[in-house]
Amino acid sequence: MNKKTILITGGAGFIGSHVVRVFVNKYPNYNIVNLDALTYAGNLHNLEDIEGKENYTFVKLDITNRDAVNNLFKEHQFDGVIHLAAESHVDRSIHDPIGCAETNVIGTINLLTAARDTWRDGDGYQSKRFYQVSTDEVYGSLKNDGSLFMETTAYDPRSPYSASKASADHFVRAYQHTFNMPIVISNCSNNYGSHQFPEKLIPLFIYNIYEGKKLPVYGNGKNIRDWLYVVDHAKAIDIIYHQGINGETYNIGGLNEWENLDLIKLLCKVMDKKLGKATGTSEQLIEFVKDRPGHDARYAIDASKIQSELGWQPEQTFETGLEETVDWYLSNLDWLQQVTSGEYQKYYDKQYS
Ligand code: NAD
Ligand code: DAU
């Protein structure tokens, strides 16, 4: 029997590396091809534990390069695509909306078109799947009134990043309606865990506390996010890829809402304990700074559909997940130093050229 070949895009990034790890280890009967442009956010050190595995291949490629994407699809005849590659940081998207749109929108259309063409010219859409990994930010911003994002909530993106992800999702659905593509989409809340680039709140603040630097809290710190352990997200992606229904959307969330300031104070306490400092030491680093333009007030997910239809539940509790995350960064200070200095970007040339 021929092995299935699955393309995972953005697999050298934070969530993508966890998804690649799950698929390579759990499915020896799949060939996993990890496509990544290795931007500042992509780091092959994230995958050192699996890079020698027989069912794993890495390809350095930019999804905005249409010809290269088409050639890759012709070469590998993928059975499925799990698409995570993106410019993922809201603050960067505010500084460079066009760069963000090029990768998130045009890159997604390039992948959709290449998948459509190779599948239509080959043995059709039977047992094929294009899985778009999206975000809860496409739904906009909630009031602090107990309301939740449902799969039926209308899109209302408010940052260049979320507008680009919303646009990409619309193209994915358009390819289903127009070309009958077998697609599935998931919208997930904020992830935390190992290997996250220290521009995002939790790894940035762990790094700053370790270095004794200030903790820049945007605005009044009252914005709310729903935090999910990254491995729980990777497991949800596995379940949706295999059991989700074509054309459906699944919301994924941690059922775990925190005001930024409360979360930061908890993180400070954990760091004080781990670094052997008196409780209250790290909190003194908190500094309120100018708010992010258009800062969304609250995200919160209703995850009842994936729970009842596909049997997924978050397994990690926030308190243990946060401690494990802090432990990982403190035992991988060389990783943190490399990514903050840019040193990791030499790794590809050493290993693959
Ligand atoms: P990340 O920034 O850590 O990783 C993105 C990866 O994409 C990097 O490896 C980067 O090199 C690669 N990439 C960027 N531009 C590319 C291009 N033009 N061609 C090929 N590869 C390119 O991002 P992440 O936080 O792991 O997010 C992964 C996906 O999950 C994104 O689509 C994001 O929108 C979505 N998501 C993230 C979160 C979160 O909390 N981080 C939550 C929900 C959904
Ligand atoms: O909700 C899912 C989204 O979560 C993903 O789609 C995005 O890719 C991911 O980056 C994340 O977006 P956020 O903007 O919510 O994450 P970030 O870590 O940048 O910020 C979390 C909260 O903390 C947010 O309210 C802004 C605030 N913040 C962030 C940073 C980096 C600060 O107060 N200070 C900071 O320095």
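Searching the whole structure turns up 1 cavity of 30 Å³ or more. Keep in mind that this is a predicted model. How do you spot a gap like that? Rolling a probe the size of a water molecule over the atoms shows where empty space is left.

The largest cavity holds about 60 Å³ of space. Which residues line the largest cavity? You'll find V90, E137, S159 and R225 there, along with R292, P293, G294, H295, D296 and Y299.

## Who sits around ligand 1

Now for the ligand. How many residues surround ligand 1? There are 30, and I15, D36, S88, Y161 and K165 are the closest. By type, the shell around ligand 1 divides into 15 nonpolar, 11 polar and 4 charged residues.

The largest share comes from β5, with 3 residues.

## Polar contacts and cover

Let's zoom in on some atoms. A polar side-chain atom of K165 is 2.6 Å from an oxygen atom of ligand 1. F14 uses its backbone instead: a polar atom there lies 3.0 Å from an oxygen atom of the ligand. On the side chain of D62, an N or O atom sits 2.9 Å from a nitrogen atom of ligand 1.

So how much of ligand 1 does the protein cover? On its own, ligand 1 has 840 Å² of accessible area, and the protein covers 96% of that.

Technical notes:
Residues are numbered from 1 along each chain as its sequence is written. Chains are lettered from A and ligands numbered from 1 in the order in which they are written. This is a predicted model: local features need pLDDT of at least 70, side-chain atom pairs count only at pLDDT 80 or more; totals for chains, interfaces and linings use all residues. Side-chain values use heavy atoms; hydrogens and water are left out. On a 1 Å grid over the protein atoms alone, a cavity is a set of points where a 1.4 Å probe fits but cannot get out, and a pocket is an open set with protein on both sides within 12 Å along at least five of seven lines; lining residues have an atom within 4 Å of a point. Grid points are joined across faces, edges and corners, and a volume is the space filled by probe spheres set on the points. A residue is near a molecule or strand if one of its heavy atoms lies within 4 Å of it. A polar contact is a pair of N or O atoms within 3.5 Å; within protein, one must be able to donate a hydrogen and the other to accept it, and residues adjacent in sequence count only if both atoms are side-chain atoms. Accessible areas come from the Shrake-Rupley method with a 1.4 Å probe; for residues, only the protein chains shown count as cover. Helices (H or I, at least four residues) and strands (E, at least two) are DSSP runs, numbered from the N terminus. Ala, Val, Leu, Ile, Met, Phe, Trp, Tyr, Cys and Pro count as nonpolar, Asp, Glu, Lys and Arg as charged, and the others, Gly among them, as polar.
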